Amino acid sequence: MSAKLSGGVAQLAKLRGVEVWSGRGYFEDSNTLRVETSEGQKFINYEQAIVAVGSKSALPKAFDLGNPRVMTSREALEVEEVPENLLVIGGGYIGMELGTVYASLGSKIVLVEALDGILMGADPDLARPVVAYAKKNFKEVRVKTKVGKMSTQGKQIKVEMEVEGQKKEELYDRVLVAVGRVPNCEDIGLENTKVTRDEKGFIKINDSNRPTIRRFMRLATLRAA
Ligand SMILES: Cc1cc2nc3c(=O)[nH]c(=O)nc-3n(C[C@H](O)[C@H](O)[C@H](O)COP(=O)(O)OP(=O)(O)OC[C@H]3O[C@@H](n4cnc5c(N)ncnc54)[C@H](O)[C@@H]3O)c2cc1C
């Protein structure tokens, strides 16, 4: 299905005269992008570029054991067996969505969140039914809880956490880390351009960028009309 959809988009792009190069892009400078393709290197000169490289799940070093039982959302969508006990770290929309999926499949879910509420970035009216569902269908929902360390113990993961100031150690079959996402802006050569990034790695949008984006949006709207 997704192959059909992306094939359709590629066809639309072709009809509109969009040139598509498949390969890894790297900014050589503020006007040149190098693309590593299967046919060799291609250099593209551009006036303006849209960086749309997406993001990946954040995996703090303390959680990165190299053990497949510690998963991010990417691996959680490819698991072959349903874990009996699953710890979900992070009460944002990804933690809640995947926690709900695994609860429906029969896992006992313990969800922990460092802040004092679930889905804190969402409209409270929208968050309320999700929280009510989790309270009914998850084994436990713990707020004000911080996971410190994890380690492999046999076929399980030992997790050390602080629940409202109290230290706890527990064993889980699998752990899903859903503590946010980081941009894929490393290793694309942005340091060779005038673009700067903030402390979390996101491209900084300054006053001179905003009108450029607005102008692009207006042109796109005019074309579509
Ligand atoms: C579990 C989960 C559930 C979600 N559910 C929803 C949902 O229900 N609804 C919704 O709207 N959103 C949802 N999202 C969010 C959604 O997936 C993202 O917002 C969306 O994919 C972002 O699109 P994008 O084009 O910015 O990035 P991406 O889809 O990540 O695309 C970026 C592309 O850039 C390519 N790329 C990266 N670096 C380079 C390079 N150097 N050179 C060339 N190409 C490169 C990558 O290969 C990739 O194909 C969900 C996300 C997750 C993780």
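What follows sets some labels against their definitions.

Guide: The model is predicted, so local features need pLDDT of at least 70 and side-chain atom pairs count only at pLDDT 80 or more, while totals for chains, interfaces and linings use all residues. Residues are numbered from 1 along each chain as its sequence is written, and side-chain values use heavy atoms, with hydrogens and water left out.

Visitor: Why is valine 82 called partly exposed?

Guide: Its relative accessible area is 40%. Buried means under 20% and exposed over 50%, with partly exposed in between (1.4 Å probe, protein chains only), so valine 82 is partly exposed.

Visitor: Where does valine 82 lie?

Guide: Valine 82 is in the loop between α2 (73-76) and β6 (85-89). Helices are DSSP runs of H or I with at least four residues, and strands are runs of E with at least two, numbered from the N terminus.

Visitor: What makes β6 and β7 a pair?

Guide: Two strands pair if DSSP finds at least two bridges between them. β6 and β7 have five, in the parallel sense, so they pair. Isoleucine 89 has valine 112 in β7 as its bridge partner.

Visitor: How many bridges join β7 to strand β8?

Guide: Three bridges join β7 to β8 (residues 140-142), and these strands run parallel. Valine 110 stands opposite glutamate 140 in β8.

Visitor: What makes β7 mostly covered?

Guide: In β7 (residues 108-112), four of the five residues are buried.
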